[in-house]
Amino acid sequence: MKFLIINGPNLNLLGKREPTVYGSRNFEAYLRELREFFSGDTVDYFQSNVEGELIDALHEADDKGYDAVLLNAGGYTHTSVALADAVGAISTPVVEVHISCILAREEFRHVSLIAPRCAGSIMGFGLDSYRLGILSAKKREV
């Protein structure tokens, strides 16, 4: 199967940013392990701090034949109607992924604008949330 991980704003700082919340590993190291774990599949990766680039990546996922997208929209999860609309506009299933449990954090993080448009949501398992997201997409064939 073919998966695309899309990470939003500030996730390029994993390993440096708030290690008590996000851990001390950078995403590139984790991505290598994830690709080894799913060696029979394709796991591509895109990160941007720019909302429009994230929307473009979602649109392109449809054109490139991905079986599923794992989207960690970061702070845009709670604010971006445009990103939610993009998730709803594509036929490729999207799994919402969060490293932390957004429901256990500040109240403004409790609402996800993208969740109603996603096939499912996984949160709170650290970087392993991405592996669990791929496993769920493979099992459900979302």
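**Reading a predicted fold**

Trainee: In which helix does Leu132 lie?

Mentor: Leu132 is in helix H5. Keep in mind that this is a predicted model.

Trainee: How is the accessibility of Leu132 to be read: buried, exposed or in between?

Mentor: Buried means under 20% relative accessible area, and exposed means over 50%. Leu132 has 23% relative accessibility, so it counts as partly exposed. Beyond its neighbours within four places in sequence, Leu132 is in contact with Ile122 and Phe125.

Trainee: Now the whole chain. How many helices and strands does it have?

Mentor: The protein chain has 5 helices and 5 strands. Starting at the N terminus, their order is β-α-α-β-α-β-α-β-β-α. The radius of gyration is 14 Å, close to the 14 Å from the globule rule for 142 residues, so the chain is as compact as a globular protein of that length. Along the principal axes, the C-alpha atoms fill a box of roughly 35 × 35 × 25 Å.

Trainee: What share of the residues is buried, and what share of the contacts links residues 24 or more positions apart?

Mentor: Of the 142 residues, 44% count as buried. Among contacts with a separation of 6 or more, 76% join residues 24 or more positions apart.

Trainee: What does the surface consist of, and how many charged side chains are there?

Mentor: The accessible surface is about 6800 Å², and carbon and sulfur atoms account for 50% of it. There are 14 positive and 19 negative side chains, and the centres of these two sets lie 5 Å apart.

Trainee: How do I read the faces of a helix?

Mentor: An α-helix has 3.6 residues a turn, so residues three or four places apart point the same way. Take helix H2, residues 27-37, where Phe27, Tyr30, Leu31 and Leu34 are buried. Viewed down the axis of H2, these residues fall within an arc of 105°, so they line one face of the helix. On the other side of H2, Arg32 and Glu36 are exposed.

Trainee: What covers the buried residues of H2?

Mentor: The cover includes E1, strand E2 (42-47) and helix H5 (128-140).

Trainee: Which residues of H4 are buried, and which are exposed?

Mentor: In H4, residues 81-89, the buried ones are Leu83, Ala84, Ala86 and Val87. Their arc around the axis is only 160°, which puts them on the same side of H4. Val81 and Ala89 are exposed on the other side. Helix H3 (51-63), strand E3 (68-72) and strand E4 (94-98) are included in what covers the buried residues of H4.

Trainee: Strand E3 has come up. What is the accessibility of Val69?

Mentor: Val69 belongs to strand E3. Its relative accessibility is 0%, so Val69 counts as buried. Leaving out neighbours within four places in sequence, the contacts of Val69 are Leu4, Ile6, Leu58, Ala61, Thr92, Pro93, Val94 and Val95. The C-alpha atoms of Val69 and Phe3 are 5.7 Å apart, although 66 residues separate them along the chain.

Trainee: Where is Met1 found, and which residues does it contact?

Mentor: Met1 is in the segment before E1. With 35% relative accessibility, Met1 counts as partly exposed. Apart from neighbours within four places in sequence, Met1 is in contact with Gly40, Asp41, Thr42, Asp67, Ala137 and Lys138. Asp67 is 66 residues away in sequence, yet the C-alpha atoms of Met1 and Asp67 are 6.2 Å apart.

Trainee: How does a loop residue such as Ser91 compare with the cut-offs: buried or exposed?

Mentor: Ser91 is in the loop between H4 and E4. Its relative accessible area is 63%, so Ser91 is exposed. From Ser91 to Asn72 the C-alpha distance is 18 Å, for 19 residues in sequence.

Trainee: Last, backbone angles. What is the phi of Asn10?

Mentor: Most residues other than glycine have a negative phi. Asn10 is not a glycine, but its phi is positive, about 70°. Asn10 is placed in the loop between strand E1 (2-7) and helix H1 (19-22). At 36% relative accessibility, Asn10 counts as partly exposed.

Conventions: Residues are numbered from 1 along each chain as its sequence is written. This is a predicted model: local features need pLDDT of at least 70, side-chain atom pairs count only at pLDDT 80 or more; totals for chains, interfaces and linings use all residues. Side-chain values use heavy atoms; hydrogens and water are left out. Helices (H or I, at least four residues) and strands (E, at least two) are DSSP runs, numbered from the N terminus. The radius of gyration is taken over C-alpha atoms; the globule rule is 2.2 Å times the number of residues to the power 0.38. Buried means under 20% relative accessible area, exposed over 50%, partly exposed in between (1.4 Å probe, protein chains only). Contact means heavy atoms within 4.5 Å. Accessible areas come from the Shrake-Rupley method with a 1.4 Å probe; for residues, only the protein chains shown count as cover. Lys and Arg count as positive and Asp and Glu as negative; His and the chain ends are not counted. The place of a charge is taken as NZ of Lys, CZ of Arg, CG of Asp or CD of Glu. The arc is that of the directions from the helix axis to the C-beta atoms.
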